[in-house]
Amino acid sequence: MTATPTVYVTRKIPEAGLARLRDRYEVVVRDEKLPPSKAHIERRLADLDADGLVCLLSDTIDADVLDASSDLSVVSTFSVGYDHIDLEAAIERDVAVGHTPGVLTETTADLAWALLMTCARRTVEGHAYVEADEWETWGPTLLTGPDVHGATLGIIGLGNIGTATARRAAGFEMAVRYSGRSRKPDREAELAEVGVDATYVDREELLAESDFVSLHVPLVESTEELIGASELRQMPDDSILVNTSRGGVVDTDALDTALEEGWIARAGLDVTDPEPLPGDHPLLRHAPSRLVVTPHIGSASIGTRDRMAEMVAACTEAGIEGEPLPHSARQDAGL
Ligand code: GLV
């Protein structure tokens, strides 16, 4: 009789996925709040002779981890992003890599809008003002900000989440510009159907003309610090930057200077570099008047997180059974 395959889960994901995995496999869940070290993951995989690994975006999965158990056939990450996984090393070792694309598109676009709106209309700052007991009277210029309706939204990276973010601009009658490696007529057509006229422009033009710039590129070598000092200087001084992609896409020191010197008006970040952002990080001196930060919660709706857990379980099952993954990072990366 062959032994039941074992799956190691680096942190507790929603029960929807765990229950499905437990139906078929030995499932060992590390029930801790903080991420394990790489050495810890390696040790556990080796001790368990694990066949499957379920990880989070905060786990580094490199060649050492992939070599820790010779039985390992699949790594499934509870995220759409897989920049924390050495995909080439996984391919070399014939370890399948699953992820959770699509399901979190709309939820993350909702958060991009939450940040955009709160930076424009200064809601976090307003809350802090009330809580500090500073609200003495209605004020003609109290906490004024730019209009969102009728403004220009610049989307850098018109992929799934970028398109979903752009689609929401229809209700605000905004002009939409986008930039990226190439023009995307299919996306433009999809947006035109809901009344959004998305115009492809080069990045310089987008930065110079947008009231709001929202980042939707994956973190790869070519997008590291894509937004640095020179890009921030190209943005109008009353513009707002929103990042729900990856912290490394923005040069944190340059953003700090931009906020300090007023090159842009405000920034809303769900992702940071470093991440997590320590509570005493210098960038936070700009909050809440010029900066709003949320702790990487783009996909954090209850329904989406449950569906992500189910997708991770489905990928793990397929990998262990030697079937094609329903959501393969390798395939989605075009490798
Ligand atoms: C979140 O950032 C994800 O990649 O799922």
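The largest cavity has a volume of about 50 Å³ in this predicted model. The structure holds two cavities of 30 Å³ or more. The lining of the largest cavity is made up of Asn243, Gly247, Val250, Thr252, Leu255, Leu269, Val271, Thr272, Asp273 and Leu283. By residue type, this lining comprises five nonpolar, four polar and one charged.

For the second largest cavity, a volume of about 30 Å³ was computed. Its lining consists of Thr118, Cys119, Arg122, Thr123, Val124, Glu125, Arg266, Pro288, Ser289 and Val292. Two helices, α5 (105-121) and α6 (123-131), each contribute at least two residues to the lining of the second largest cavity. The most comes from α6, which gives three residues. The lining of the second largest cavity is divided into four nonpolar, three polar and three charged residues.

Backbone geometry was examined next. Most residues other than glycine have a negative phi, and most peptide bonds are trans. Against this background, the peptide bond from Asp273 to Pro274 is cis, and its omega is near 10 degrees. Asp273 is also one of the residues that line the largest cavity. Pro274 is placed in the loop between β11 (266-269) and β12 (291-293). A cis peptide bond is likewise found between Ala287 and Pro288, where omega is about 0 degrees. Pro288 belongs to the loop between β11 and β12, and this proline is among the residues lining the second largest cavity. A positive phi, near 50 degrees, occurs at Asp49, a residue other than glycine. Asp49 is located in the loop between α2 (38-48) and β3 (52-55).

Two or more lining residues are supplied by each of α4 (87-92), β5 (96-98) and α13 (329-332). Helix α4 accounts for the largest share of this lining, three residues. In the lining of the second largest pocket, eight residues are nonpolar, five are polar and three are charged.

The ligand is surrounded by Leu57, Ser79, Val80, Gly81, Leu104, Arg246 and His296. The shell around the ligand contains three nonpolar residues, three polar residues and one charged residue. In Val80, a backbone N or O atom lies 2.8 Å from a ligand oxygen atom. In Arg246, a polar side-chain atom lies at 2.7 Å from an oxygen atom of the ligand, and in His296 the corresponding distance from a polar side-chain atom is 2.6 Å. The ligand taken alone exposes 190 Å², and 91% of that area is buried by the protein.

Side chains of opposite charge can pair when their charged atoms come close. The structure holds 19 salt bridges. One of them joins the side chains of Glu317 and Arg24, with an N to O distance of 3.3 Å. This pair connects distant parts of the chain, 293 residues apart: Glu317 lies in helix α12 (residues 302-321), and Arg24 lies in helix α1 (residues 15-24).

Technical notes:
Residues numbered from 1 in each chain as written. Predicted model: local features only at pLDDT ≥ 70, side-chain atom pairs only at ≥ 80, totals over all residues. Heavy atoms only, no water. Near = heavy atom within 4 Å. Polar contact = N/O pair within 3.5 Å; in protein donor to acceptor, adjacent residues only side chain to side chain. Areas by Shrake-Rupley, 256 points an atom, 1.4 Å probe, with all protein chains shown as cover. Nonpolar A, V, L, I, M, F, W, Y, C, P; charged D, E, K, R; others polar. Helix = DSSP H or I, 4+ residues; strand = E, 2+ residues; numbered from the N terminus. 1 Å grid on protein atoms, 1.4 Å probe; cavity = no way out; pocket = protein on both sides within 12 Å on 5 of 7 lines; lining within 4 Å. Points joined across faces, edges and corners; volume = space filled by probe spheres on them. Salt bridge = Lys/Arg side-chain N within 4 Å of Asp/Glu carboxyl O.
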